[in-house]
Amino acid sequence: MPTTAPLTSEAPTTGPHLHQTSRRVTTLVALLVVALLSALSLTAITARTAVAATPLTVAQAIATQNGTSQTVRGYVVGEPVATTTVNRSGFSADYAIALADTAGQSDTSKMLYVQLTTQWRSAWGLKSNPSLMGRVLDVTGPLSAYFSHAGLKSPTAISSVGTTPTPTPTGTPTPTPTPTPTGGGTDTYYASALGKSGSALRTALHGIISEQTVLTYDQVWTALKDTDQDPANTANVIEIYSGRSIAKSDNGGGVDQWNREHVWPQSHGSIGTTPGPGTDVHHLRPEDVTVNSDRGNLDFDNGGSAVNQCSDCWRDGDSFEPRDSVKGDVARMILYMAIRYEGGDGFANLEPNNIAGNGSSPYVGKLTTLKAWSAADPPSTFEKRRNDRIHAQWQGNRNPFIDHPEWVTSIWP
């Protein structure tokens with residue numbers, strides 16, 4: 001029988017060759033472990049990125065109160081101070097904020113209460129930062145009850161998304177949008193008012209438009225830069241009386257700057273600049289400081305002498321006449337104020353009358369002139385966009401006389 005030679009590829013069981021082989025195996029195993037850990041890390045990062053890309057809506061967060069950490073996107077709508085109480089102004093502390101899926105939400109059951117622990121208060125509390133009202137935030141943290149209410153406690157991250165609406169998360173069917181009121185077709189917003197007239201219409205409209213977010217006077221600056229933006233130059237706003245396009249940033253009290261004009265004068269009913277009628281953007285407009293001063297607290301009517309820096313505006317001892325292209329705007333703003341502020345909530349009962357020279361009384365005239373202006377100057381594209389922006393972004397309510405100009409003569413025949 002021939003002798004079988006040993007296999008030369010067989011590794012020896014002892015000696016230096018065994019140590020070299022062991023080192024190679026150890027190195028190979030280490031490389032495999034590193035590769036596996038890298039793959040797992042990449043998977044985790046990808047998963048986190050996917051979650052961050054599709055934050056929950058507030059409605060989804062309210063329905064997911066299970067203690068899991070989630071990112072939620074929503075509008076800042078107030079300061080929670082009790083289970084069913086949210087401050088919209090006069091903020092008392094920086095301990096919490098309320099988020100909602102719409103900027104004008106007033107139903108606390110549709111809000112998520114976010115606890116602000118110490119590290120977040122100075123930057124995200126409403127007492128220190130009232131201008132955050134209406135802003136969109138992404139907040140990450142455990143979804144858990146706060147103030148015995150659907151909440152998010154001990155956030156781990158907060159960031160501003162500006163004014164971007166809450167996205168529809170991946171996998172959720174996109175809802176059919178509710179038509180924007182235009183005076184015709186489906187009119188969901190005014191459902192309880194349709195078909196009514198006179199005092200019944202007035203009562204219904206008051207109930208509808210009183211559901212609103214109340215702004216601070218500082219927030220009005222930011223709102224006007226959006227609502228009155230020049231369509232031909234997005235860096236500017238349009239002054240209501242003069243029609244001048246001026247840089248958004250050139251606001252203040254200096255000569256040739258623009259400031260916040262109260263179309264319903266502050267002194268008529270002592271509405272001032274406190275949150276409520278004094279900060280309602282539906283009647284606040286940008287205007288040149290000098291022209292604003294010339295208008296003062298005058299009522300509205302035709303006639304007078306040309307106004308300084310506004311040659312197509314006129315004034316006399318008791319009234320002011322704006323340029324023709326905004327006469328309807330002015331009338332509809334005055335009539336909005338009369339329907340919105342009926343004497344409740346501690347505010348004066350504002351009314352139009354047929355007098356010029358109302359002084360500090362809660363009236364603005366002349367009603368016959370305002371009705372004629374509204375009829376002669378129907379709502380423009382600019383005015384309609386403004387109404388849409390106030391509704392969608394700032395106050396959550398609308399001026400019904402822009403959507404339905406025919407309601408003017410139904411309420412004031």
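These legends walk you through several close-up views of one predicted protein model.

**A note before the views.** Residues are numbered from 1 along each chain as its sequence is written, and side-chain values use heavy atoms, with hydrogens and water left out. In this predicted model, local features need pLDDT of at least 70 and side-chain atom pairs count only at pLDDT 80 or more, while totals for chains, interfaces and linings use all residues.

View 1. Let's start with the overall picture. The protein has 11 helices and 18 strands; helices (H or I, at least four residues) and strands (E, at least two) are DSSP runs, numbered from the N terminus. Of its 413 residues, 46% count as buried. Buried means under 20% relative accessible area, exposed means over 50%, and partly exposed is in between (1.4 Å probe, protein chains only). Take the contacts in the protein with a separation of 6 or more: residues 24 or more positions apart account for 63% of them. Contact here means heavy atoms within 4.5 Å.

**View 2. Helix 4 and what covers it.** Helix 4 spans residues 198-209, which makes 12 residues. From its first C-alpha to its last it reaches 17 Å, close to the 16 Å expected at 1.5 Å a residue; the expected span is 1.5 Å times one less than the number of residues in the helix. Look for its buried residues: Leu-201, Arg-202, Ala-204, Leu-205, Ile-208 and Ile-209. What covers these buried residues includes helix 7 (327-340), strand 17 (351-352), helix 10 (400-403) and helix 11 (407-411).

**View 3. The cavity and its lining.** A cavity is found on a 1 Å grid over the protein atoms alone, as a set of points where a 1.4 Å probe fits but cannot get out; lining residues have an atom within 4 Å of a point. The count comes to one cavity of 30 Å³ or more. About 70 Å³ of space lies in the largest cavity, where grid points are joined across faces, edges and corners, and the volume is the space filled by probe spheres set on the points. Its lining is made of His-282, Arg-285, Asp-329, Met-333, Glu-383, Arg-386, Asn-387, Ile-390, Asn-399 and Ile-402. Helix 7 and helix 9 (381-394) are the elements that give two or more residues to this lining. The largest share, four residues, comes from helix 9. The lining residues divide into three nonpolar, three polar and four charged. For this sorting, Ala, Val, Leu, Ile, Met, Phe, Trp, Tyr, Cys and Pro count as nonpolar, Asp, Glu, Lys and Arg as charged, and the others, Gly among them, as polar.

**View 4. Ile-334 in helix 7.** Ile-334 lies in helix 7. This residue is buried, with a relative accessible area of 0%. Not counting residues up to four places away in sequence, Ile-334 touches Val-263, Trp-264, Phe-300, Val-364 and Leu-370. Leu-370 is 36 residues from Ile-334 along the chain, and 8.4 Å separates their C-alpha atoms.

View 5. Glu-321 is part of strand 16 (residues 319-321) and is buried, at a relative accessible area of 11%. A polar atom of its side chain lies 2.7 Å from the backbone nitrogen of Gly-303. Leaving aside neighbours within four places in sequence, the residues in contact with Glu-321 include Asp-301, Asn-302, Trp-314 and Trp-373.

**View 6. Glu-239 in a loop.** Glu-239 is found between strand 9 (233-238) and strand 10 (245-247).

View 7. Ser-148 sits in the loop between strand 5 (136-142) and strand 6 (151-152). Its phi is near 55°, a positive value in a residue other than glycine, and Ser-148 is exposed, with a relative accessible area of 67%. Ser-154, in the loop between strand 6 and strand 7 (157-162), has a phi near 50° and counts as partly exposed at 38%. Finally, find the cis peptide bond between Gly-365 and Lys-366, with omega about -5°. Lys-366 lies in the loop between strand 18 (363-364) and helix 8 (367-376).

Methods: 1 Å grid on protein atoms, 1.4 Å probe; cavity = no way out; pocket = protein on both sides within 12 Å on 5 of 7 lines; lining within 4 Å. Polar contact = N/O pair within 3.5 Å; in protein donor to acceptor, adjacent residues only side chain to side chain.
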